[in-house]
Amino acid sequence: MEVSGTIALAINMTGIKDLDLSTISDPFSNPTQSTTITDGAGANKAEAQFHDQISIADGASTTLDLETLLDFAGDALDFTKVKGLMLQNLSADATLLVGNAAANPFWLTTTNAIPVPPGGRLFIECHTAAGITVDGTHSDLMLTHDGTGTSAMLVNIWILGETT
């Protein structure tokens, strides 16, 4: 598989407050931060991507082993470095907990989890040559439905990385 493209982040927001005789505004514009990714290993490079939409039952969890995923063509992926990760919680009423894998946790420890609220996203980019290491003791990405809400949650997942 060859991989190429752009990862971009843009924030353009304005705070406005009406006063008695005037209105003040506080614009914030972060110039678009973008990274062009080309095929290969090293800084600003990647060799594979994984994406999927999964369902997690109310109160349940699922663990993705980043060394045993399948790409869009059904070919095996064995990530060695993660360069980008996006998780999107599509639930309207439940929180997604990311991390806290009992064994071989990727990126977080066995006792830490990041909450992603209903409708929220978690995005990580590490386009340096080092990336975020995936190996036999750092490969499990655990995703947990926090048990609130009324039904299963859908989660969009995208992972970009190296496989060599």
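Lys83 is buried in this predicted model, because its relative accessibility is 1%, and buried means under 20%. I begin with this residue, since a lysine carries a partner question with it. With which side chain does Lys83 meet in a salt bridge? The partner is Glu162, at 2.8 Å from N to O. Glu162 is also buried, with a relative accessible area of 2%. Lys83 belongs to strand S8 and Glu162 to strand S14, so the pair ties together parts that are 79 residues apart in sequence.

Glu162 has a further salt bridge, with Lys81. Here the closest N and O atoms are 3.9 Å apart. This pair, too, links distant parts of the chain, with Lys81 in strand S8 and Glu162 in strand S14, 81 residues apart. Lys81 counts as partly exposed, because its relative accessibility is 24%. The structure holds 2 salt bridges, and Lys81, Lys83 and Glu162 are linked in a network. As a general point, side chains of opposite charge can pair when their charged atoms come close.

Let us turn to the nonpolar residues. The largest nonpolar core has 28 residues. Among those with the most contacts inside it are Leu66, Phe79, Leu96 and Leu143. Strands S8 and S14 are among those that each supply at least two residues of this core, and strand S9 (96-99) is another.

What does Leu96 touch, beyond residues up to four places away in sequence? Its contacts include Ile56, Leu87, Ile114, Val116, Leu143 and Val155.

Finally, a second, separate core of 7 residues includes Ile7, Met86, Trp158 and Leu160. In soluble globular proteins, nonpolar side chains tend to be buried together. Thank you.

Terms used
Residues numbered from 1 in each chain as written. Predicted model: local features only at pLDDT ≥ 70, side-chain atom pairs only at ≥ 80, totals over all residues. Heavy atoms only, no water. Core = buried A, V, L, I, M, F, W, Y, C linked by side-chain atoms within 4.5 Å. Buried < 20%, exposed > 50% of the residue type's maximum accessible area, 1.4 Å probe, protein only. Helix = DSSP H or I, 4+ residues; strand = E, 2+ residues; numbered from the N terminus. Contact = heavy atoms within 4.5 Å. Salt bridge = Lys/Arg side-chain N within 4 Å of Asp/Glu carboxyl O.
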